[in-house]
Amino acid sequence: MKTKVLFVCLGNICRSPAAEGVFLDLIRKKQISDQFHVDSAGTSGFHAGEKADRRMRDKAKERGISLESLSRKFLESDFEDFDFIICMDGQNFKNVKRLDPSGHYGHKVFMMVEFCSRFKVHEVPDPYYGSEDGFNHVLDIVEDASEGLLKYIIDENRKK
Ligand code: 4NP
């Protein structure tokens, strides 16, 4: 059985495609890609069907990571379809939780920054209206968190 991981932000054109690309790169390097299904989504559908933001794609490319995803809106069915739903900021987390009023899927929903070990930050900041540096900062945080997330998943799967 594959472990299904969904990264979530607002527009699904900057942070969550970056997280998806970084996590995919990590599991590819560890040769465990076949054990995972990885996707990303936005709590808004404003950019549905679009490629990741050019600035995010360029910064990821500089690190050897190609972002291939197309934006889509988070769906209620994602609660069933994924094992880990990883939110980039507090607003995304709240919006996802709001779609699960009974809390039935609460155990699947996390903040990306919970898995950071080097960065002491509360969320992955929205880079959309900021400078180029913001996109590199997103990648730095997401790289740190991806390592921790993968370790967490491997530990959880061992317990099953
Ligand atoms: P993301 O960034 O949530 O990381 O994809 C944003 C993308 C678009 C907008 C805001 C944030 N927007 O306002 O259109």
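**Exercise 1.** At roughly what angle do the axes of helix 2 and helix 5 cross? Classify the crossing of this predicted model.

*Solution.* 
Step 1. Locate the helices: helix 2 covers residues 54-62, and helix 5 covers residues 132-159.
Step 2. Take the geometry. The two axes come within 9 Å and cross at roughly 55°.
Step 3. Classify. Angles under 35 degrees count as roughly parallel, and 65 to 115 as roughly perpendicular. Helix 2 is therefore oblique to helix 5.

**Exercise 2.** Which residues of helix 2 and helix 5 meet, and of what class are they?

*Solution.* 
Step 1. From helix 2, list Arg55, Met56, Lys59 and Ala60.
Step 2. From helix 5, list Glu132, Phe135, Asn136, Val138 and Leu139.
Step 3. Sort by class. The contact has five nonpolar, one polar and three charged residues.

**Exercise 3.** Describe the largest nonpolar core, then find what Phe23 touches.

*Solution.* 
Step 1. This core has 38 residues. Those touching the most other members are Val5, Phe7, Phe23, Phe36, Ile86 and Met112.
Step 2. Assign elements. Those giving two or more residues include strand 1 (3-9), helix 1 (15-29), strand 2 (36-42) and helix 2. Helix 5 gives the most, with nine residues.
Step 3. Now Phe23. Leaving out residues up to four places away in sequence, Phe23 touches Val5, Phe7, Phe36, Val38, Ser146, Leu149, Leu150 and Ile153.

Key:
Residues are numbered from 1 along each chain as its sequence is written. This is a predicted model: local features need pLDDT of at least 70, side-chain atom pairs count only at pLDDT 80 or more; totals for chains, interfaces and linings use all residues. Side-chain values use heavy atoms; hydrogens and water are left out. Axes are lines fitted to C-alpha atoms, for helices over the stretch in contact, and angles run from 0 to 180 degrees between N-to-C directions. Helices (H or I, at least four residues) and strands (E, at least two) are DSSP runs, numbered from the N terminus. Angles under 35 degrees count as roughly parallel, over 145 as roughly antiparallel, 65 to 115 as roughly perpendicular and the rest as oblique. Contact means heavy atoms within 4.5 Å. Ala, Val, Leu, Ile, Met, Phe, Trp, Tyr, Cys and Pro count as nonpolar, Asp, Glu, Lys and Arg as charged, and the others, Gly among them, as polar. A nonpolar core is a set of buried Ala, Val, Leu, Ile, Met, Phe, Trp, Tyr and Cys residues joined through side-chain atoms within 4.5 Å. Buried means under 20% relative accessible area, exposed over 50%, partly exposed in between (1.4 Å probe, protein chains only).
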